[in-house]
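I opened my notebook for a quick look around this model. Here is what I looked up, entry by entry.

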Amino acid sequence: MDQQGEFGAARPARPGGLRTAPPGVLPYYLAVEVTAVVLPFAVPSVVPTAREWLFFGVLLGSAVVQTELSAKAERMRRFLSSNPHVTVTSVWFFAGALSLPPLLASVLAVLVYGHFWLRTVGGVPGARPYRAACSVATHVVTVFAVHAVAGLFGGLAATAAGGLTFVLVNNLLVLIGFKLHDPAGSFLSFAGSASENLLDAATLCLGAAAAALLVVRPWLVPLLVLPLVLLHRGELGRRLELRARDPKTGLLSIAEWRTRAEAELGRAARAGGDCGILMLDLDHFKRVNDTHGHLAGDDVLRAVADAVRGEVRIYDTVGRFGGEEFVVLLPGIGRVHSVAVAERIRDAVAELAVVVADGTRIAGLSVSIGVAVHPDAGRGVDEVLGAADKAVYAAKKSGRDRVCVSRRGIARPSAIHPGSRASPDGAAS
């Protein structure tokens, strides 16, 4: 959920802002903001004690330091985000709601989010101050709700009830905001991925830990800052990993594959070892698209990608070169074993029977594979990849559905003679 980000930040900005927003957005924003302003006056509050002011200062200082250390990673995450966005500032909001009077906790939420927005969100394209104002109001309403529910219990039950209230109230308010901005979208699409919700749960657990530490050892709370920064950067790494993958097959993009191949060939050169590279080209793939359509072709590509992954080691690197071509990096493997892997892949593809959306069964697939091994085929990635590409061409020219090996610039068929394969025209079941 976009629990600590601004409403709609992950959606494209609408020209004109509120003036062109869908009906219901402005009344909803105003209702949330008015509620946030009225609550501090409507709910009785006590004068904070010196100890509570100490808690406030510790939480505010820790939040500011954590935001400063995470600012660059947070801005990058927002540029990469295409879904409701989760940050880690709920640690401080939740800890404040559990350990401070509601008025002081709401002031903490305003200050923490205001600093967070100025340092990380304000410079991101599509960020709107009116959305930030509603997000602040949402945090204030959530803080009062958590304080009210947690006050009905004691000990661990208060923490559990407060955490559940935090999730329900905050998520509900945010989901309504997203739904009003995008009436055609489903609530499920706004709920975030499993990993994002796990991150959200982790921040609440750390918030509960911060609240517990405040009572017994307030000076230990700042020790949570570094784990939060690392958690934040780990989430950024996950997003970058997703961006590095081909959306159709889940394999690495060619740019990311090449980066990893360069690093692996560098290690092989220093250690004096071999490194195999396979290039695969799905035979007659145009017939699949022409006969069954491009969506069915995408299903076939995904099935082939899964078949390739199933025949290599977990630390081998598989990428999509483009179109119906794939590349495989085999660290520490010489020519003989590279050919053996290629033949296993060829057999696995030949055994595929892909059932597409309309129920059609596409079988009879085959693949031509070129094998090249570093350093025999070249020193750099481009040289070895070029040699594998020539071997693919030789496999195509000599009849397809076979493996050819590039050795010292000459592409030769593998020692294993390929069996005859049917062209992948597809057979309806």
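Before I start on helices, a reminder to myself: a helix here is a DSSP run of H or I with at least four residues, and the numbering of helices starts from the N terminus. I also note that this is a predicted model.

**Entry: a surface patch.** I looked up valine 107 and found it in helix 4, residues 102-121. Valine 107 is partly exposed, as its relative accessible area is 34%. Together with Leu103 and Leu111, Val107 makes a nonpolar surface patch of about 220 Å².

**Entry: helix 11.** Which residues of helix 11 are buried? I found Phe285, Val288 and Asn289 in this helix, which runs over residues 285-292. They cover an arc of only 95° around the axis, so they sit on the same side of helix 11. I then turned to the other side of helix 11, where Lys286, Asp290 and Thr291 are exposed.

Next I asked what covers the buried residues of helix 11. The cover includes strand 1 (275-282), helix 12 (294-310) and strand 5 (361-362). Just after helix 11 I came to glycine 293, which takes a positive phi of about 100°.

**Entry: cysteines.** How many disulfides does a search of the whole structure find? I got 0. For my own reference, a disulfide is a covalent bond between the sulfur atoms of two cysteines. I looked up two cysteines while I was there. Cysteine 134 is buried, with a relative accessible area of 0%. Cysteine 275 counts as buried too, at 1% relative accessibility, because the cut-off for buried is under 20%.

Technical notes: Residues are numbered from 1 along each chain as its sequence is written. This is a predicted model: local features need pLDDT of at least 70, side-chain atom pairs count only at pLDDT 80 or more; totals for chains, interfaces and linings use all residues. Side-chain values use heavy atoms; hydrogens and water are left out. Buried means under 20% relative accessible area, exposed over 50%, partly exposed in between (1.4 Å probe, protein chains only). Helices (H or I, at least four residues) and strands (E, at least two) are DSSP runs, numbered from the N terminus. The arc is that of the directions from the helix axis to the C-beta atoms. Contact means heavy atoms within 4.5 Å. Patches are made of residues with over 30% relative accessible area and no salt bridge: like charges are joined within 9 Å, nonpolar side chains (Val, Leu, Ile, Met, Phe, Trp, Tyr) within 5 Å. Accessible areas come from the Shrake-Rupley method with a 1.4 Å probe; for residues, only the protein chains shown count as cover. A salt bridge is a side-chain nitrogen of Lys or Arg within 4 Å of a carboxyl oxygen of Asp or Glu. A disulfide is a pair of cysteine sulfur atoms within 2.5 Å.
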